[in-house]
Amino acid sequence: MGYPTLTDLPVEVLHLILAHFDYDQEWQWKHERSLRSCSFTCRLVRAVALEHLDFRHLFLPGIETFDPLLDFLRTYPRVAKTVVSLKLAGSTKYDPGPRSRYTPMTTIDVALLASIVELLPKLDSLILQSFHYTKPTAANVQPAVGPFPLSTFSLRGHCHPQSSLTGVLSVLSLFTLKQVKDPALDEFDLDESSEPRFLSRLVDVQRLWLRRSSSPAYTASALQAFSVSLKSDSLQELSVQVDSKETISALGKLLTRAGGNITTLTIRNNPPEWAMPKDRDHWVNPLEGNSQLLDISACKKLESITLPMYFCKTRTRPLSEPVVGILQQASTTLRKVIIIADNLPKPTTIGNRTIYKVHDLDKVLSPTRFPHLQECELNIGIRCTPLAWSKCKDSAQRALKSLHGRGLLTMK
């Protein structure tokens, strides 16, 4: 007869042993490393050790099927209760075509994601990367599930060209979201119309940052989908990269329907960072001649707005004209205005009445029109010497004489 080993002890005793491991917050990593070492010994000790591990941040790369994850979370509910951050990444296939990219191979839908999130009661942050989103059907829409509160939600990686935008929005509708940052809606099925009836509920998000898509058509379609899917009073902060007349029109519709509680609005329109210098020279400002499509008068609580004045050679009107047109529609609640004047050819160009004509900003931002205005920040993009920067500031201060005199003008 051999000597008894650790595995001969009752499971209850093993739990007591692992529960009495010395634990010190300062040496948490050492405590967890000891428990993980136990989990590699045998199946019996592994099952016990898993009950004492802290899985706060869980990352699963290269997922082909979700069955192992679901089985694990159901088998170890105590482990599931410790997860606060979850990152899921699907498997991809390299596509050597003209765009040379990795295409998602793993599909995901709202029903599948709901079954995972239901098992994670403390989940606070969710990242989904490289998945093919499928369109919900009447059979798998789950109106009784959720909403699950999240602080952050991120959608990363290239979407599948046949991904359903309704499928993406149905995933968002599972949650009450404080922030959706840079959803990478690079590709999806453009022929599919957005259908809010397939959502668990209207999308409830406080902060939404929409970055530039791979095509203006995707940006416009995404904004159109959000305009009919957002809860009307949820959105408080919105940042959008506009790249076409269609995008501006779609953004205007979104603001009309869901802009009532927005306090911070950021609009950018610079050419893509990857654009060649010759393409930048021929870039056309989409706001020129189209700013009237962007009626921000629906934003009754607007306090801060960021607007672009990117220098481009193709301009036919002063670069400040779209900005002034937008500000003329703004609510009197405005407290801060940020103007991004990027790509200046010379330090003194900012004061030029033909190219920029920022003098008109001085008129529209009057104390009568905006009595609560506290700051007008001029964010200038230019590489120059300290002496040239001093000339740049002097030029801007002369052009914006009233704002400067009232102590509201700041420059960066």
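# Asking why: helices, burial and cavities in a predicted model

The protein chain of this predicted model has 14 helices and 17 strands.

Student: How do you know how far to trust the model?

Tutor: Look at pLDDT, the predictor's confidence in each residue, from 0 to 100. The protein chain averages 81. Of its residues, 81% score at least 70.

Student: What makes residues 22-31 a stretch to treat with care?

Tutor: Their pLDDT stays under 50. The model has five contacts for residues 22-31 beyond four places in sequence. Where pLDDT is low, the coordinates should not be read in detail.

Student: Why is Asp204 called buried?

Tutor: The cut-off for buried is under 20% relative accessible area. Asp204 has 17%, so Asp204 counts as buried. Asp204 lies in strand β11. Its contacts, leaving aside neighbours within four places in sequence, are Phe175, Thr176, Leu177, Lys231 and Ser234.

Student: Why is Val180 called buried?

Tutor: Its relative accessible area is 2%, so Val180 is buried. Val180 is found in strand β10, residues 175-181. Not counting residues up to four places away, Val180 touches Phe153, Leu172, Val205, Arg207, Leu208 and Trp209.

Student: How far is Val180 from Thr152, in sequence and in space?

Tutor: They are 28 residues apart in sequence. From C-alpha to C-alpha, Val180 and Thr152 are 6.1 Å apart. For the whole chain, take the contacts between residues at least 6 apart in sequence: 82% join residues at least 24 apart.

Student: How much of the protein chain counts as buried?

Tutor: Of its 412 residues, 49%. The accessible surface comes to about 20,300 Å². Carbon and sulfur atoms hold 52% of that surface.

Student: What makes α8 mostly covered?

Tutor: Ten of its 14 residues are buried. Among them are Tyr218, Leu223 and Phe226. The buried residues of α8 pack against α7 (165-172), β11 (204-210), β12 (237-241) and α9 (245-258).

Student: What makes the phi of Ser130 worth a remark?

Tutor: Most residues other than glycine have a negative phi. Phi of Ser130 is near 60°, a positive value. Ser130 sits in the loop between β6 (125-129) and β7 (132-133). With 11% relative accessibility, Ser130 counts as buried.

Student: Why is Lys357 called partly exposed?

Tutor: Lys357 has a relative accessible area of 31%, so Lys357 is partly exposed. Its phi is near 55°, a positive value in a residue other than glycine. The place of Lys357 is in the loop between β15 (336-341) and α12 (359-364).

Student: What makes a space a cavity?

Tutor: A 1.4 Å probe fits there but cannot get out. Searching the whole structure finds two cavities of 30 Å³ or more. The largest cavity holds about 50 Å³ of space.

Student: Which element gives the most to the lining of the largest cavity?

Tutor: α8, with three residues. The lining is made of Pro183, Leu185, Leu210, Arg211, Ser213, Tyr218, Thr219 and Ala222. Tyr218, Thr219 and Ala222 are also listed among the buried residues of α8.

Technical notes: Residues numbered from 1 in each chain as written. Predicted model: local features only at pLDDT ≥ 70, side-chain atom pairs only at ≥ 80, totals over all residues. Heavy atoms only, no water. Contact = heavy atoms within 4.5 Å. Helix = DSSP H or I, 4+ residues; strand = E, 2+ residues; numbered from the N terminus. Buried < 20%, exposed > 50% of the residue type's maximum accessible area, 1.4 Å probe, protein only. Areas by Shrake-Rupley, 256 points an atom, 1.4 Å probe, with all protein chains shown as cover. 1 Å grid on protein atoms, 1.4 Å probe; cavity = no way out; pocket = protein on both sides within 12 Å on 5 of 7 lines; lining within 4 Å. Points joined across faces, edges and corners; volume = space filled by probe spheres on them.
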